[in-house]
Amino acid sequence: MIGRLTAVYQRGMRQLGRLSMYRLVLLALAALAVIALALSLFGLVLPTPLELLATAAVLIAVGSVVDAIAHRILRVVWRPESTLITAGILLFVVRPGLDVATVTGAAIAAAAASLSKYLIAWRGRHVLNPAAAGATVATLVGLGGSSWWVGTPALFAPLLVVSVLVLWRTEKLRVVALFFAVAVVVGATRTIVQLYASGAALPLETLLQNVLVQSPYLFLGAFMLSEPLTMPPRRWQQYLVAVVVGVLAGWPISLGIITLGQERALLIGNLIAFAFAARGAVRLTLERRTALTPTVQELTFTAKRPVRFAPGQYLELDVPHRRPDARGTRREFSISSAPEDLPTIRIAFRESRTGAASSYKRALAAAEAGAVFAVTGVWGDFTLPRPERAPVLLVAAGIGVTPFVSQLRHDRLAGERRDVMLAYVASAAHELAYRDELEASGVRTVVYTPDEPRDLPTHWTWAGGERLTADGLLRAVPDLAKRHTYVSGPPALIAGLAPALSRAKGLTTDAFAGY
């Protein structure tokens, strides 16, 4: 059963990975807005069609103007995608209407949200969720403000579908599920306590509908809490933030003129996340590029300041360029250097030889020495356990070997010894990237290439040209049940190996779907 679930999950990731997470969020919000507009025609949601269209127009127009001015002043590339995402979120949060006060409130929310990206930022990283900041400002000035009309029974089903897709792609299903569970339980408890104090009663069915279907918790979690730029780097930190925001959203605390609920709860979570992640954002200067294989390039950067990362983590690299395609201007790359190499940081990427490369990859391939790029943060839990714990199996496909290069290099430089076996899949012998670095680690390696590599060291074995399959993995690693397995490669590989991986002592995956 576990193997089947893993296979289904990774096949879904393969399809969703065709879009960047930012573009997927934008499409999901657009789809939800179209559905809401259709429902408004039948009076099934709060706004009328005209109110919905007017509010959307104000949010987009004001956000675009503020972003365009800010980008001109700061001399950075304007990303309309970011503007539209913020407007799309605010559309479901602010109070819709056609009167002057409500329209002004929406305009204030849009302007404040856009300005927060530049005024409340640290080294390229948002400190606060822009939409939450904008809605809070609109509430404080007493014009419009937030209403969270997205918490409507008619919208719940489509919201659930798009939320799952977004969280599947961003790999935040578990984090947001924890937040949602906490918010629902706390919200239900609060309602019961209030009813008991007043002597009133509420049918269980109505109570569940209020906290599940008519609450904004799902939208808040899927489209705001999960925002990458305001999330802490490690999973346990994300869980902590999810619990704090869930408690505050489920049981809003009154501070007199304002209540710490919904967007204010998220802002508090943002501040906690920032405390964990303030050191993640940095600027990198490209020093050189090196051809590791005929199709794999390594980029070597110098960090402007110290960067804290654990071997196996990844960074998000922003490469602004003209006319970006559907995948946007940001991508994640596993760090291939070790912390001991700082201030040098290395990443690697595969060049496209088919002429169908993304605009991002073309821009990155054209970058010259001296170019400066922004790293928006360092994330990930794809880290090895302590050396004295269970032995590990590493499975890498092509460029997926990069996090293992960082981990094994760190172990070697730090003098740590562990029981490691590596299964390395490549399209050809000459495509074995980082071969020298891996050989220096002394790790026992099985190579899966159609042709036999030359001059293999004694601790390397060629699999005879066979493809890596679940059965083949079990034959090559007879003690798989004793090893915690780490797999870095495309979702299709992880899905194909699922029957074998389900027998491992533990499994951690780092799937990627290309860029």
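Reader: What makes the contact of Arg475 with Glu466 a salt bridge?

Author: The closest N and O atoms of Arg475 and Glu466 are 3.5 Å apart, and a salt bridge is defined as a side-chain nitrogen of Lys or Arg within 4 Å of a carboxyl oxygen of Asp or Glu, so the pair qualifies. This is a predicted model, in which local features need pLDDT of at least 70 and side-chain atom pairs count only at pLDDT 80 or more, while totals for chains, interfaces and linings use all residues. Residues are numbered from 1 along each chain as its sequence is written, and side-chain values use heavy atoms, with hydrogens and water left out.

Reader: Why is Arg475 called exposed, and why is Glu466 called partly exposed?

Author: Buried means under 20% relative accessible area, exposed means over 50%, and partly exposed lies in between (1.4 Å probe, protein chains only). Arg475 has a relative accessible area of 57% and is therefore exposed, whereas Glu466, with 33%, is partly exposed.

Reader: Which salt bridge does Asp341 form, and what makes Asp341 count as buried or exposed?

Author: Asp341 forms a salt bridge with Arg346, their closest N and O atoms being 3.7 Å apart. Because its relative accessibility is 13%, Asp341 counts as buried, and Arg346, at 14%, is likewise buried. Both residues belong to a network of salt bridges that also links Glu298, Arg409, Arg412 and Glu437.

Reader: How do you know that Arg234 and Asp381 meet in a salt bridge, and what does the pair tie together?

Author: Their side chains meet at 3.1 Å, N to O. Arg234 lies in the loop between helix 10 and helix 11, and Asp381 in the loop between strand 10 and strand 11, so the pair ties together parts that are 147 residues apart in sequence; helices (H or I, at least four residues) and strands (E, at least two) are DSSP runs, numbered from the N terminus.
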